[in-house]
Amino acid sequence: MTTPRFPQQRPSHTIPTEMGANLTQSLIDAQDHPFVLIDEEYRLVAANLAYRRVYGLDEHADVVGRHCYEVSHRLDRPCHLNGEDCPHRQVFATGETHEVLHTHYDARGQAEQVRIRGHAIRGIDGQLWLGESIERLATPEAHGCEGRMIGFSPRYLRMLQQLGQSAASQAGVLLQGESGVGKELAARFIHHRSPRAEGPLVTVDCTTLNGNLFEAELFGHERGAFTGSVGRRPGLFEQADKGTLFLDEVGELPLELQAKLLRVLETGEFRRVGGRNLLHADVRVVAATNRDLRQRVDEGSFREDLYYRLACIVVSLPALRERREDIPALADALLNQLCREHGRPCYMTREAVDCLICYDFPGNIRELKNVLQRAVALSPDGVIDAGQIDLDVSRERRAVSEAPSAEGSRGAPLQRVESRYIAELLAHHDGHRRRVAEALGVSERTLYRKLRRYGLG
């Protein structure tokens, strides 16, 4: 492969060859994130201490000559040959900085989301390298599935990138998505990666607020302000000072209360109920809704000025059926959490996982947890097979029960969903069977049997 030539005005980092390997190593060790230099043949030229620690390499081990995709991707070929956007390929082709989201595997073999920034780095002798900075996006904030973001599908990673970009801003964020997709977890993700991470994160459930409670809950009250107010109480807005206020299901807020919310969001000023002093709080707002607020504005049930105040940045969270590739990892994390709670080990068979992948989950992650919770309770020996995956409330089962069918078997509706899903994957991957098998988490031989069964071969 011939090293491409680039226009002289195109900026690139330069490392003089006379500096020597020791100084080059010192320079990359100064990077906070894992950082590597990679040559044209995907071989590691140098790796900093952070990279070695994350990917299980001994501090003094010789990593020079190993392929980057072997160490961090656990692959036997470059990632672009697996259909991924490859910064190596882009930087060596254009000489320009390229940023992507990828899935890497750490020292424990755990998959994690990372943001990679690839830079063109050139020596005085004309030698070109890829300088790759790796930022780990979703390290757990707590034990178990409840405290961390889980997913590796392209759509999920795009959403995660939007959340990360939103975190750095002070603008209001509106999270849109169906019930159960994890909007509160996304709000926590934004808060913990924002400049306000050291401040409080306060959640307001807008479905519980009415005219009588709104001002007392949000702004607090003084002693004797109303019957039963025996002492001074700061409101949720005041409690969120220097932090983040999360307005959950803001679309449920009654119209008459929206003007009061808008006023305090615009000025940051408020009075406690029964109080005279004007108070101020510095609050960043993240709101969430399962409604189409733009449509509600058109219908007159949501204030347009409040909508624009909340929706400076809009992030849509995909439904679980839109990222089926993530279901096995989510199910595994949820099952581990449930096993700890029940004090006994459980595991799922391949057939049980297939049932989950083929199901639409109208209740999303919340429904997935409910299904697994029931399966753990009903499994006598800790082995969860397709029989314990009770999907009686599914749309497919209801549709079949309401329409005459000669099939009558439990598996029939799931097979139809699986057939449709495989057909969609085939179209998405241009008929590439290996990629479809990888997306399904099955071998190519198993995929071939399914293709013959459904007449898709």
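Helices and strands are DSSP runs, numbered from the N terminus. In this predicted model, D292 falls in the loop between β14 (283-289) and α10 (293-299). The protein chain holds 18 helices and 17 strands.

The average pLDDT is 79, and 81% of the residues score at least 70. Among the elements, strand β7 (residues 173-176) has the highest mean pLDDT, at 97. Helix α15 (residues 395-402) has the lowest, at 41. Over residues 1-20 the pLDDT is below 50. Beyond near neighbours in sequence, residues 1-20 still make 39 contacts in the model. The pLDDT is also below 50 over residues 139-146. That stretch has 18 contacts beyond near neighbours in sequence. Where pLDDT is low, the predicted coordinates should not be read in detail.

The protein chain has 457 residues, and buried residues make up 47% of them. Its accessible surface comes to about 22,900 Å². Carbon and sulfur atoms account for 47% of that surface. Among contacts with a separation of 6 or more, 65% join residues 24 or more positions apart.

D292 has a relative accessibility of 42%, so it counts as partly exposed. A polar atom of the D292 side chain lies 3.2 Å from the backbone nitrogen of R294. D292 and G251 are 41 residues apart along the chain. Their C-alpha atoms are separated by 8.3 Å.

R294 also takes part in a contact with an aromatic ring. R294 lies over the face of Y307, at 5.3 Å from the ring centre. Another such arrangement involves R193 and F189. The charged end of R193 sits over the ring of F189, 3.9 Å from its centre.

The structure holds 7 aromatic pairs. One of them joins Y307 and Y308: the ring centres are 5.3 Å apart and the planes lie at 75°, so the pair is edge-to-face. The cut-off for this class is an angle over 60 degrees. Y307 has a relative accessible area of 11% and is buried. Y308, at 47%, is partly exposed. The rings of Y359 and F361 also form a pair, with centres 4.5 Å apart. Their planes stand at 70°, so this pair too is edge-to-face. Y359 is buried, with a relative accessible area of 0%. F361 is likewise buried, at 0% relative accessibility. Elsewhere, F214, F219, F237 and F270 form one aromatic cluster.

F361 stands out in its backbone as well. F361 is found in the loop between α13 (350-358) and α14 (364-378). Its phi is positive, at about 50°, although F361 is not a glycine. Most residues other than glycine have a negative phi. K242 is another case, with a positive phi of about 70° although it is not a glycine. K242 is found in the loop between α8 (236-239) and β11 (243-248).

Two further buried sites were examined. S72 is found in the loop between α3 (68-71) and α4 (87-94). At 4% relative accessibility, S72 falls below the 20% cut-off, so it counts as buried. The S72 side chain reaches the backbone oxygen of C68 at 3.1 Å. Leaving aside residues up to four places away in sequence, S72 touches Y51, Y55, H104 and Y105. Q113 lies in strand β5 (residues 111-123). Q113 is buried, with 2% relative accessibility. The C-alpha atoms of Q113 and H102 are separated by 6.0 Å. These two residues are 11 residues apart along the chain.

Definitions and conventions: Residues are numbered from 1 along each chain as its sequence is written. This is a predicted model: local features need pLDDT of at least 70, side-chain atom pairs count only at pLDDT 80 or more; totals for chains, interfaces and linings use all residues. Side-chain values use heavy atoms; hydrogens and water are left out. Rings of Phe, Tyr and Trp (its six-membered ring) pair if their centres lie within 6.5 Å; planes under 30 degrees apart count as stacked, over 60 as edge-to-face and the rest as tilted. Buried means under 20% relative accessible area, exposed over 50%, partly exposed in between (1.4 Å probe, protein chains only). A charge sits over a ring if NZ of Lys or CZ of Arg is within 6 Å of the ring centre and within 35 degrees of the ring normal. Helices (H or I, at least four residues) and strands (E, at least two) are DSSP runs, numbered from the N terminus. A polar contact is a pair of N or O atoms within 3.5 Å; within protein, one must be able to donate a hydrogen and the other to accept it, and residues adjacent in sequence count only if both atoms are side-chain atoms. Contact means heavy atoms within 4.5 Å. pLDDT is the predictor's confidence in each residue, from 0 to 100. Accessible areas come from the Shrake-Rupley method with a 1.4 Å probe; for residues, only the protein chains shown count as cover.
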